[in-house]
Amino acid sequence: MKPYKVIELHKSIYENNDAKAAELREELKQKHTLLVNMMSSPGSGKTSVLLRTIEKLGRNFKIGVMEADIASEVDAERITRSGARAIQLHTDGMCHLDAGMTRQGLEAIGTDQLDIVFLENIGNLVCPAEFDTGAAKNVMILSVPEGDDKALKYPLMFTVCDVLLINKMDVTEYFDFNLNKCIAAARQCNPNIMIIPVSAKTCEGMDIWYTWLAIQAEAYR
């Protein structure tokens with residue numbers, strides 16, 4: 001018998017968070033609010049995709065956005081100008097959001113009469129994928145300049161996501177990016193992931209994204 005205790009901290013942390021996430025997910029379902037967790041590297045175009053989405057679906061759905069950043073309020077200001085309800089979440093250096101943090105954000109933004117709430121997670125391909133936020137759907141954005149091999153380097157992110165938006169397709173001619181290789185690598189991690197090549201700038205492929213999202217939101221009404 002060992003003279004000391006061995007405590008698996010990660011297991012304990014994850015189990016506790018998973019229970020809180022499941023509880024939050026059920027509460028939001030009862031409130032008819034779809035929570036979508038948006039994850040990506042910094043600069044992939046999360047906010048640009050959200051602005052286009054609000055512009056397209058804002059007439060039919062009431063949308064809120066929780067902008068998570070280590071610092072600054074730039075993104076929340078941009079979202080507010082679009083007409084959507086928005087708040088800024090500062091993580092004080094933490095590289096992810098968990099279910100407890102997400103709940104705090106939801107209480108602050110208020111989910112009353114909101115059909116869709118987007119959680120724009122911290123720009124990071126590692127930590128955000130490890131914590132269940134309580135979202136009904138996880139969406140990842142990968143931009144063309146990042147390369148076509150990200151799924152091989154960060155497999156968990158692709159594994160936990162329902163949808164992969166491959167953004168900035170309008171600049172593929174300027175980068176060494178192979179769309180087929182990117183799709184194959186993503187499907188190797190997650191055979192069920194929905195992959196939509198898009199350009200938030202030109203709106204290429206965005207209609208497919210809008211349709212998917214509208215179907216998810218209607219299911220919650």
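Contact means heavy atoms within 4.5 Å. The model is predicted, and local features need pLDDT of at least 70, side-chain atom pairs count only at pLDDT 80 or more, and totals for chains, interfaces and linings use all residues. Residues are numbered from 1 along each chain as its sequence is written, and side-chain values use heavy atoms, without hydrogens and water.

**View A. Thr47 in helix 2.** Helices (H or I, at least four residues) and strands (E, at least two) are DSSP runs, numbered from the N terminus. Thr47 has 6% relative accessibility, so the residue counts as buried (under 20% relative accessible area is buried, over 50% exposed, in between partly exposed; 1.4 Å probe, protein chains only). Beyond neighbours within four places in sequence, Thr47 contacts Glu67, Asp75, Arg78, Ile79 and Glu120.

**View B. Helix 2 packs with helix 3.** Helix 2 spans residues 46-57 and helix 3 spans residues 74-81. Their angle is about 15 degrees, and their axes lie 10 Å apart. Axes are lines fitted to C-alpha atoms, for helices over the stretch in contact, and angles run from 0 to 180 degrees between N-to-C directions. The two helices are therefore roughly parallel (angles under 35 degrees; over 145 is roughly antiparallel, 65 to 115 roughly perpendicular, the rest oblique). From helix 2, Thr47, Ser48, Leu50, Leu51 and Ile54 meet Asp75, Arg78 and Ile79 of helix 3.

**View C. Asn60 in the loop between helix 2 and strand 2 (63-69).** Asn60 counts as exposed because its relative accessibility is 52%. Leaving out residues up to four places away in sequence, Asn60 touches Asp115 and Arg221. Ala214 is 154 residues from Asn60 along the chain, yet their C-alpha atoms are separated by 8.9 Å.
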